[in-house]
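Subject: Structure handover

Hello,

Here is the structure for you to take over. My notes follow below it.

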Amino acid sequence: MLSLDLTGKRAFVAGVADDNGYGWAIARALAGAGASVCVGTWPPVLGIFQRLREKGRLDFSLEQGGEWDIEKVYPLDALYDTLDDVPTELADDKRYRGVEKFSIQEVADALEADHGSPCIDVLVHSLANGPEVSKPLVETSRAGYLAALSASAYSLVSMVQRMGPLMRPGGAVVSLSYLAGERVIPGYGGGMSSAKSALEGDTRTLAYEAGRRYGIRVNTISAGPLASRAAKAIGSIGNLVEYYEQNAALPACNTADDVGRAAAFLCSPLAAAITGETLHVDMGYHAMGMIAGDQLTNE
Ligand SMILES: NC(=O)c1ccc[n+]([C@@H]2O[C@H](COP(=O)([O-])OP(=O)(O)OC[C@H]3O[C@@H](n4cnc5c(N)ncnc54)[C@H](O)[C@@H]3O)[C@@H](O)[C@H]2O)c1
């Protein structure tokens, strides 16, 4: 039988702060396939994530039964490449108090110090941030647009640049994109649609460059809507889920675990020839050119 086996592999999943989002579902699927999983958590939500974990409020169950656990949580703010990029004002920000070594390079150094080099087989980028996401693009400020691109797209480039050297040949990178990068989704503003376009374009270029340099693959998953903490902050996510349930090719909305399993496949040897790809995991919604009428669904 073909098996999706990641035994003996280590994954670093950036963008995990609760058990609702895509990052968690991907971590769970990777662990279910046998990988050991480290996560990167944004400092402002690190304390709450650690408290949830200590109090046993995170669902560590595996789909096939049994439980998994996180190998190590690393604080990570993907806006900053090195310690020199961290603004001094952050020292006074109580959300960052007591948290150190959270720039991308410092996390790469910490991974190397903990596990040696090379030490990573799977690198997951499951994070995004756009301070003006609720503003239409046409009303977005330059600062808001660039902040969205910096947190949500350049962060992938920086992670591959700084963690690629820690990856074993045959390894794989996966990020999370959204249909707004290629089609108009009203309400997904603030330059976030531009950030997803950049993420998908960069996936192709990085597939070539990191493929030649480190022998790794780089893909992105364009996922359907999920009521994660980040998506709830944007609002109207419930309507979007309902819209997919009515109008996707398969009339349903994908689950977080659907995306988790697809990511685990992309990171496994089963996908050894797949790189530079944007894989839609959205019940085929992306393929629709016109929404389905009842007469078609009832046939
Ligand atoms: N939820 C959806 O409907 C949907 C659809 C398609 C794609 N996505 C993408 O999936 C990915 C994960 O999002 P999610 O919806 O699962 O929400 P989520 O809230 O679970 O994950 C987003 C994570 O990004 C982290 N983050 C924000 N700014 C950061 C920074 N500067 N440095 C490090 N981490 C930072 C947050 O703390 C959070 O843990 C994102 O790229 C998102 O755009 C989400």
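Buried means under 20% relative accessible area, exposed means over 50%, and partly exposed is in between, with a 1.4 Å probe and protein chains only. Helices (H or I, at least four residues) and strands (E, at least two) are DSSP runs, numbered from the N terminus. This is a predicted model, in which local features need pLDDT of at least 70 and side-chain atom pairs count only at pLDDT 80 or more, while totals for chains, interfaces and linings use all residues. Residues are numbered from 1 along each chain as its sequence is written, and side-chain values use heavy atoms, with hydrogens and water left out.

The sheet

Two strands pair if DSSP finds at least two bridges between them. On that basis there is an open sheet of 7 strands with parallel pairing, in the order β3-β2-β1-β4-β5-β6-β7. Strands β3 and β7 stand at the edges with a single partner strand each, so one side of each has no neighbour in the sheet. On average, neighbouring strands are turned by 20° against each other, direction ignored.

Strand β4 (residues 120-125) has 6 of its 6 residues buried, so it is largely enclosed by the rest of the structure. It pairs with β1 (residues 10-14) in the parallel sense over 4 bridges, and A11 stands opposite V122 of β4. Strand β4 is also joined by 5 bridges to β5 (residues 167-177), again running parallel; H125 has S175 in β5 as its bridge partner. Strands β5 and β6 run parallel and are joined by 6 bridges, with V174 opposite N219 in β6.

Helices

Contact means heavy atoms within 4.5 Å. Axes are lines fitted to C-alpha atoms, for helices over the stretch in contact, and angles run from 0 to 180 degrees between N-to-C directions. Helix α5 (residues 192-214) lies across β4, β5, β6 and β7, at about 160° to β6.

The axes of α3 (residues 104-115) and α4 (residues 142-163) come within 9 Å and cross at roughly 35°. The contact is made by I104, Q105, V107, A108 and L111 of α3 with S155, S158, M159, R162 and M163 of α4.

In α8 (residues 256-266), the buried residues include A256, V259, G260 and L266. The buried residues of this helix pack against α1 (22-32), β5, β6 (217-223) and β7 (278-281).

Backbone and loops

Most residues other than glycine have a negative phi, and most peptide bonds are trans. Which residues depart from this?

- S117 and P118 are joined by a cis peptide bond, with omega about 0°; P118 is in the loop between α3 and β4.
- K101 is not a glycine, yet has a positive phi of about 55°. It is found in the loop between β3 (70-75) and α3, and counts as exposed at 57% relative accessibility.
- M283 also has a positive phi, near 60°. It sits in the loop between β7 and α9 (294-297) and counts as partly exposed at 24% relative accessibility.

Finally, Q64 lies in the loop between α2 (43-54) and β3 and is exposed, with a relative accessible area of 54%.

Regards
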